[in-house]
Amino acid sequence: MTQDSAEPDLVARARAGSADAFGRLVHMHQQALRAFLRRLGTADADDIAQETFVFAWEHIARFDPAKPFRPWLFGIAWRKYREGKRSWLRRLTRQGHAAADIEHAHQPDPGLKLDLAKAMGGLPPEQKAALLLCLASEFTHAEVAEALAMPLGTVKSHVARGREKLAAVLGSG
Amino acid sequence: MDDQLKAQWAADVPASDPRFVLGVMTRIEQRRFRRELAVTAGLTACAVALLWLLAPTVEIVWRDGIAPYASNAVLLLGLMGVTVAVPYLLPARD
């Protein structure tokens, strides 16, 4: 609650050039953003998260303070993730990390976690992102639409279809 | 199912990492430094190029216009310096 009320003030100070305020915004959002990118299934999630924050700092003047900060930030992360997927260099790096990820998957406590990872892996990226933002990051449909730059109806259908697919794979209705 | 998924994802959230924040701020500083370096290097290159282009003209102006009077100019500058400095060195008394 305190964080939520402090955010507009921090954003205003960051827009005025305060690196200290921006550092606090990074601290405030880093966990959620890193978790979102990791759940999307990218091996260089933390790297993309850092690039997202750097981009946000460099373009914070373009941010409309009347709007919530989180969808704007996650929107940048989503675009960076998509750019990264297209970059052959990142793809090579990711292949290098893939072996390590497979090893992690065989750690104890697989169960639902492994099933969920497999089920998420089968979803198209847009569907996966919409579902993650809606269920895991607790965004509203409107916030997801803004973050992913999609019409609201498309977001709702992505979430509904993604949910159905997950239910089918995880074997629960 | 939503609650099950939310619980699973909630357990996956990475810990708050001060090194991450530090990493972001370091990258920001590195970018700023590189940008400033590029601007300074660009301006320096422009200044050097301009000087190189103007060098013959400057040389002529110096040789024919300023050099013969250089000693007078130094004297003049000295006098101007003293004029400006005197009020500071000898402040007016009440």
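Before anything else, a cut-off I need: angles under 35 degrees count as roughly parallel, over 145 as roughly antiparallel, 65 to 115 as roughly perpendicular, and the rest as oblique. I also note that this is a predicted model.

**Entry 1**

I looked up how α2(A) packs against helix α2 of chain B, residues 18–66, and got an angle of about 135 degrees, with the axes 9 Å apart. By the cut-off, α2(A) and α2(B) are therefore oblique to each other. I noted their crossing as right-handed. On the α2(A) side I listed Ala19(A), Gly23(A), Val26(A), His27(A) and Gln30(A). From α2(B) come Phe20(B), Val21(B), Val24(B) and Met25(B). I sorted the residues of this contact into six nonpolar, three polar and no charged.

**Entry 2: chain A against chain B**

Next I took the whole contact between the chains: 24 residues from chain A and 19 residues from chain B. I have the chain A side down as 13 nonpolar, six polar and five charged.

**Entry 3: inside chain A**

I get 13 residues from domain 1 and 16 residues from domain 2 in their contact. On the domain 1 side, α2 and α4 (69–86) of chain A are the elements that give two or more residues. The largest share of that side, five residues, comes from α4(A). I logged the domain 1 side as eight nonpolar, three polar and two charged.

Conventions: Residues numbered from 1 in each chain as written. Chains lettered and ligands numbered in written order. Predicted model: local features only at pLDDT ≥ 70, side-chain atom pairs only at ≥ 80, totals over all residues. Contact = placed C-beta atoms within 7 Å. Nonpolar A, V, L, I, M, F, W, Y, C, P; charged D, E, K, R; others polar. Helix = DSSP H or I, 4+ residues; strand = E, 2+ residues; numbered from the N terminus. Axes fitted to C-alpha atoms, helices over the stretch in contact; angles between N-to-C directions. Left-handed = near helix turned anticlockwise from the far one by under 90°.
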